[in-house]
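This briefing covers the model shown below.

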Amino acid sequence: MEKPVRTTFSSAVAESAQDYIQRGWTVAETANGICLVTDDEISGIEVTGETAAFVRRYLRANDLTGPVIEIPGTERREIHLVTGLRKAERAIEALRESGVVVHTDGAGIPLPPSKLSAGAACWGVAPHEARWVPPVVAIAAAVRAAAKGATKAARIAS
């Protein structure tokens, strides 16, 4: 079944939209810019605060970094784009249990240069800077390691 892909966008987002479409992503124009429409092929894992910082370091150290969208606000928020959700039910369940937001099943993710209430979404790691879009299990491993690191740090501090 082929996905319908919109090919005309306003001039404000047309160039970005075409770049995303060439990557095989389904995108939609919104009042604030453009969003990725998640599906089985590409989705997003949203992490916040210290977990986000740990996850970013873990992925970099293990050469697993993929595209990362930074969401402006008082707390650090990052959305890691991922693949492989069809075969990762346990990883997705573990992510949700740890409080991580899993954007999938048609959810929209704001893509740069979308404007948000606290500023504009921007690339922490742009798609052209990343060597790949990692599988969700890589992010799940990073989140699991972050949780273990936080537990270990709490034991050391006490």
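Strand β3 (residues 43-48) and β6 pair in the antiparallel sense, and three bridges connect them. Strands here are DSSP E runs of at least two residues, helices are H or I runs of at least four residues, and both are numbered from the N terminus. Two strands pair if DSSP finds at least two bridges between them. This is a predicted model, in which local features need pLDDT of at least 70, side-chain atom pairs count only at pLDDT 80 or more, and totals for chains, interfaces and linings use all residues. Residues are numbered from 1 along each chain as its sequence is written, and side-chain values use heavy atoms, with hydrogens and water left out.

**Sheet and helix α2**

- Glu46 has Val101 of β6 as its bridge partner.
- Helix α2 (residues 49-61) packs on the sheet and touches β3, β4 (68-71), β5 (77-82) and β10; contact means heavy atoms within 4.5 Å.
- The direction of α2 makes about 120° with that of β3; axes are lines fitted to C-alpha atoms, for helices over the stretch in contact, and angles run from 0 to 180 degrees between N-to-C directions.
- The sheet is open and has five strands in the order β6-β3-β5-β4-β10, with antiparallel pairing.
- At its edges lie β6 (101-103) and β10 (122-125), each of which pairs on one side only.
- On average, neighbouring strands of this sheet are turned by 30° against each other, direction ignored.

**Hairpin β1-β2 and Leu36**

- Strands β1 and β2 run antiparallel and are joined by four bridges, and a hairpin of two residues links β1 to β2.
- Leu36 is located in strand β2, and Val27 stands opposite Leu36.
- Leu36 counts as buried because its relative accessibility is 0%; buried means under 20% relative accessible area, exposed over 50%, and partly exposed in between (1.4 Å probe, protein chains only).
- Beyond its neighbours within four places in sequence, Leu36 has contacts that include Trp25, Thr26, Ile42, Leu81 and Ile109.
- Leu36 and Leu81 are separated by 45 residues in sequence and by 9.9 Å in space, C-alpha to C-alpha.

**Helix α1**

- Ala17, Tyr20 and Ile21 are buried in helix α1 (residues 14-22).
- These residues cover an arc of only 100° around the axis, which puts them on the same side of α1; the arc is that of the directions from the helix axis to the C-beta atoms.
- An α-helix has 3.6 residues a turn, so residues three or four places apart point the same way.
- Glu15 and Gln22, on the other side of α1, are exposed.
- The buried residues of α1 pack against β1 (27-30), β2 (33-37), β7 (108-111) and β10.
- Gly24 follows α1 and has a positive phi, near 90°.

**Helix α3**

- Helix α3 (residues 89-97) has Ala91, Ile92 and Leu95 as its buried residues.
- Their arc around the axis is only 100°, which puts them on the same side of α3.
- On the other side of α3, the exposed residues are Glu89, Arg90 and Glu97.

**Confidence**

- The average pLDDT of the protein is 86, and 87% of the residues score at least 70; pLDDT is the predictor's confidence in each residue, from 0 to 100.
- Confidence is highest in β5, at a mean of 97, and lowest in helix α4 (residues 136-157), at a mean of 72.
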